[in-house]
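Trainee: I'm new to this one and would like to learn how to read it. Could you walk me through a few features?

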Amino acid sequence: MKAAPAALVEPAAAASPAPAAQGPWRRFAAEFAESRLAMAGLLLLAVLVVLAVAAPLVSPQNPYDLSQLDVLDSKLAPGEHSSSTGKPYWLGTDDQGRDMLSGIFYGLRISLAVGASSTVIALAIGLVLGLAAAYFGGWVDTLIMRIADIQLSFPAILIALVLLALMGQGAGKIVAALVTVQWAYYARTVRSAALVERQKEYIEAAHALALSRQRIVFRHLLPNCLPPLILVATVQVAHAISLEATLSFLGLGLPITEPSLGLLIANGFQYLLSGTYWISFYPGVALLATIVSINLVADQLRDVLNPRLRK
Amino acid sequence: MSRIFRFAALAWLALLAAFGAHAKDREISVGLQAAITSIDPHYHNLSPNNSLLRHIYEPLVWRDANMRLSPALATSWKAVDDLTWEVKLRRNVKFHDGSPFTAADVIATFKRVPNVPNSPSSMATFVKPIVDIQAPDPYTLILKTATPHVLMPSDLASVYIIPKAVAEHASTEDFNSGKAAIGTGPYKFAEYIPNNRIVLKANYAYWGGEEPWDKVTFKILSNPAARVAALLSGDVQLIETVPTADIAKLSSDKNFNVVDKVSNRVIYAHLYQWKDKPAPFVTAKDGSPLAKNPFLDPRVRKALSIAINREVIADRIMEKRAVPAGQLLPDSFYGTSRKLKPAKYDPEGAKKLLAEAGYPDGFALTVFGTNDRYINDSKIAQAIAQFYSRIGLDAKVETMPSSVYFTRATKGDFGYMLLGWGTESGEQGSSLRSLLATKDPARGMGVTNRAHYSNPEMDRELTEALATMDDRKREAMIQKAAETAMNDTALIPIHYEVSTWATAKGLKYTPRTDQYTLVMDLRPAR
Amino acid sequence: MIGFTLRRLGQGLLVLAVMSALVFVGVYAIGNPVELLVNPQADDVERARATAALGLDKPLAAQYATFVVRALHGDLGRSFVYNIPAIQLILDKLPATLELAAAAMVIAVVLGIPLGLVAGLKPDSWLGRSIMAGSILGFSLPTFWVGLVLIMVFSVKLGWLPPNGRGETVTLLGVPVSFLTWDGLRHLALPALNLALFKLSLLVRLTRGGTREALLQDYVKFARAKGLPARRVIGVHVLKNILIPIVTVIGLELGSVIAYAVVTESIFAWPGSGKLLIDSINQLDRPVIVAYLLVTVAIFVVINFVVDLLYSFLDPRVRLAAAPAH
């Protein structure tokens with residue numbers, strides 16, 4: 001069975017063996033490194049992740065500890081010094097006297113965690129359900145797609161409100177709300193990709209060879225559905241972070257004393273017209289850097305992983 | 001190709017510039033904060049409705065900018081005895097449809113008020129005390145009550161009068177479509193699009209003289225930044241509730257004027273004191289329950305009050321648009337006591353009081369608040385938590401939208417809750433009665449006493465005061481009750497909101513205490 | 001075909017029933033509308049009266065039963081807040097939102113597909129790279145933030161476009177539309193652009209990805225080798241290959257635009273149904289929320305139906321009935 005002729009199952013990706021000269025990882029790394037832009041993105045992302053993880057060590061202040069904030073230091077411009085301790089605030093302070101630099105480090109941590117975990121969970125759920133819908137068809141397909149219909153028309157705000165009312169505030173609830181909102185996107189995208197793939201010759205060939213269903217789904221259908229999915233997922237990490245910001249803007253997000261990047265921007269939003277720009281500008285720059293780097297890396301990853309783009 | 005594109009783009013921009021919006025003379029647009037839910041004056045007893053509809057309809061008695069009562073459709077009113085009021089009506093007043101205003105219209109209106117179908121908040125409260133109403137002549141009314149009702153003139157100020165024919169037949173839809181939107185006010189109904197805009201036209205036959213504006217458009221701009229942007233771009237000429245963040249910039253800009261006035265709304269903290277139940281989210285620092293509810297101890301309540309630096313909140317968080325509070329209404333209002341000053345900031349004293357009460361190491365609490373209801377509400381909550389962390393408490397903050405908040409606050413889900421209270425009658429007796437009297441639904445006492453605060457001494461003083469007809473004597477008694485409550489730190493008053501308005505240059509707006517936005521107070525500057 | 005349509009219709013109705021039940025439970029969980037609607041100074045008698053007037057004094061199941069019975073007679077209830085039939089309130093606001101959504105979609109498609117094609121055909125050129133870099137901006141900044149910046153630049157600083165509201169409307173086939181008047185277009189421009197940005201970026205990226213893949217497929221290579229003109233190769237083969245994912249996304253996003261225009265509508269005070277929804281949620285105006293979601297689900301079901309039809313049209317290998325192939 002394993003001897004399925006490569007020519008027949010073309011262009012199934014996972015089945016095609018890598019050139020034996022190098023290990024698959026090294027080959028992968030070499031291909032990835034071909035793009036300097038992607039490497040720059042990877043570097044930036046690495047720096048941001050390190051900053052996020054090490055936030056408590058590198059921040060001048062713990063912005064989540066209210067006893068370290070001083071409302072008398074509120075809205076200081078970048079570079080001004082604290083009235084009580086004399087220490088400088090390099091990026092200024094917000095309306096609570098929160099050091100923006102520390103706020104950004106900590107906020108990065110929360111934003112990345114919320115964005116990544118909600119995307120991964122939603123992706124996993126969507127992938128499984130989407131594949132199932134496409135592969136089994138019939139009532140399974142109907143059921144999953146109708147649930148997705150309900151889901152997609154249920155506004156994120158309403159879901160977030162219900163969760164807030166039932167369980168109170170917190171990062172976990174935001175992730176739950178984001179997953180609830182997003183899985184249906186993946187499910188539909190996977191299903192539509194898989195529907196096309198399912199009809200292609202190589203799957204028919206695999207059926208003809210009496211491969212097991214599992215093997216067909218995971219070894220053949222899945223790899224070929226991945227490229228569009230990775231594409232949607234990278235966009236969705238960014239979307240999740242920005243949706244979290246929007247929920248915060250609507251007052252449904254994280255606790256205000258533990259702001260994410262999005263919440264920092266939402267808080268600073270009201271100062272945009274008044275000239276106190278730094279409260280929302282610098283978190284905006286941080287958010288932008290995060291999302292740009294994620295996308296640069298993801299774009300290259302997709303190109304490298306995509307079997308059809310291999311030279 | 002690119003030249004053509006550039007030319008097209010330039011032409012497009014030129015066209016756009018040529019069509020720039022310019023308000024015509026005698027036309028004015030106003031940016032409002034909250035939606036107007038109906039044109040029916042008796043459908044929804046809601047401040048934004050009452051404010052807007054005042055342009056179209058008028059009550060018998062009106063409150064001036066400082067909430068003192070003044071004549072409107074009534075020229076005079078007096079209590080003939082404890083149970084009888086006599087009201088004289090204004091002559092030669094005409095409704096928008098040309099029919100004359102008489103006592104019959106008032107009687108029909110009062111009859112309609114409690115019977116508006118599906119009303120989510122009716123005006124019935126204001127006419128309920130009246131058990132009988134007579135009109136000996138078309139311009140005199142005799143109102144009878146079952147018990148002495150001292151607030152009668154204030155109640156009369158809350159009911160807008162409509163013609164008898166309309167009162168007897170019109171439905172809420174008829175008002176919204178404009179068919180029944182007939183009052184005696186200085187403006188006539190022109191258009192109503194729910195949650196979008198209301199257009200009014202001048203009533204040239206108004207008994208009080210002609211207004212300077214022919215047409216007024218009220219736009220609902222709930223988003224604060226959108227409201228400011230609309231003013232900055234000249235789309236509207238007057239906005240209410242200027243976001244505090246933008247006040248400094250607008251005040252210093254020659255093209256705009258900002259005016260403000262202290263309001264009848266106090267922001268306060270209620271401290272959970274329900275019987276036999278621990279205060280929610282108030283624990284020892286390790287999260288274990290406390291032996292008893294610390295809020296039951298007046299020393300703890302006082303400590304929590306003097307730990308707050310009200311001056312700093314007013315100055316930094318509210319951009320000076322708040323006045324530190326020591327009671328439930330600002331000083332000049334009826335029934336307020338001059339002896340009650342805002343608590344002085346004293347963190348050391350607060351620590352001492354906590355130690356005396358048996359909490360030398362403090363405890364943990366969560367400050368709950370709204371984030372979409374009062375001016376800068378979530379920021380105030382954070383600042384208060386900051387002050388509490390300075391006296392050795394573990395303070396957390398949780399804020400949420402009003403839709404979730406008020407239900408939970410009433411249910412008793414919160415130990416420390418921040419709230420606001422605007423006293424519509426403008427006298428402190430009614431705020432004490434709603435917020436601090438021991439809960440007694442049958443007598444309408446303590447209706448909004450979400451903390452279940454109970455102080456028999458204050459209850460007694462207040463009950464006596466509310467049954468006293470003599471205005472002077474009653475005021476002294478209300479002051480006494482207020483002192484009793486505030487000296488016990490029954491609740492923690494933070495500040496009185498200062499309402500703000502901004503106008504374009506060339507206009508003068510006279511602000512009001514009750515947070516109403518009235519075009520009658522907007523005049524071209526000379 | 002008829003069987004397929006009927007089956008989808010039946011499923012749609014079931015979805016509507018589940019949806020409305022979910023909203024009833026959801027709103028019940030959030031809070032009590034009377035707390036928000038009644039004047040704070042009202043006494044308990046007045047509160048009880050208001051509760052009864054809104055029909056909230058009965059058990060939730062009974063309230064839902066009443067709703068279902070009335071809904072079957074075509075009555076979705078009256079707004080708690082406005083005392084206007086909920087469906088009328090929504091239908092009055094829907095044209096404005098549909099217009100905004102359609103305008104945003106047009107902007108996204110008209111700009112997104114050509115830009116994506118360019119970026120896909122010349123991925124390494126500076127143009128291709130800057131298109132991709134620009135597309136990242138489109139979905140990384142929160143909508144509310146971009147919206148306010150647009151207002152600041154185009155309304156406040158430059159004074160070119162109005163900052164809020166909908167312009168003059170004319171009636172087209174009984175529906176008020178604003179895109180046929182100059183004033184209407186001026187009001188439409190900023191909110192449509194604000195709403196379009198995210199979909200625009202998504203479309204650019206999808207088109208680019210699809211194009212790059214298509215160029216490597218045998219039939220495209222073959223068509224090129226055969227010497228077919230580049231325009232024809234792109235127009236017929238490449239575009240056709242990338243249309244399926246794009247149609248999916250358009251279907252998804254059109255639906256979500258209609259449902260989630262909330263933020264844009266509230267910043268630009270666009271008198272549409274998104275703003276109505278957020279206000280209704282904030283006020284717990286249950287009849288409007290239910291009716292609104294029923295309308296959007298209905299629209300979704302129709303859109304998905306059309307999208308599935310389009311699939312089978314674009315790619316005959318996708319069979320409509322989607323029965324297992326074996």
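This is a predicted model: local features need pLDDT of at least 70, side-chain atom pairs count only at pLDDT 80 or more; totals for chains, interfaces and linings use all residues.

**Reading the model, feature by feature**

Trainee: What secondary structure does chain C have?
Mentor: Helices (H or I, at least four residues) and strands (E, at least two) are DSSP runs, numbered from the N terminus. Chain C has 13 helices and two strands, and its C-alpha trace spans about 85 × 65 × 35 Å along the principal axes.

Trainee: Is Ala502(B) buried or exposed?
Mentor: A residue is buried with 20 or more other C-beta atoms within 10 Å of its own, exposed with 12 or fewer, and partly exposed in between. Ala502(B) is buried, because 28 other C-beta atoms lie within 10 Å. You'll find Ala502(B) in strand β20 (residues 492-504) of chain B. Leaving out residues up to four places away in sequence, Ala502(B) touches several residues, including Leu231(B), Phe256(B) and Val258(B). Ala502(B) and Val258(B) sit 244 residues apart in sequence, yet 4.3 Å apart C-alpha to C-alpha.

Trainee: How many residues of helix α11 of chain A are buried?
Mentor: Nine of the nine in α11 (residues 261-269); among them are Leu261(A), Asn267(A) and Phe269(A).

Trainee: And how do I read a pair of helices?
Mentor: Two packed helices are described by the angle between their axes and the distance between the axes. Axes are lines fitted to C-alpha atoms, for helices over the stretch in contact, with angles from 0 to 180 degrees between N-to-C directions. In chain B, the axes of α10 (residues 298-306) and α12 (residues 347-356) come within 8 Å and cross at roughly 160°. So α10(B) is roughly antiparallel to α12(B) (angles over 145 degrees count as that). Residues making the contact include Arg299(B) and Ala303(B) of α10(B), and Leu353(B) and Glu356(B) of α12(B).

Terms used: Residues are numbered from 1 along each chain as its sequence is written. Chains are lettered from A and ligands numbered from 1 in the order in which they are written. Two residues are in contact if their C-beta atoms, placed from the backbone, lie within 7 Å. Angles under 35 degrees count as roughly parallel, over 145 as roughly antiparallel, 65 to 115 as roughly perpendicular and the rest as oblique.
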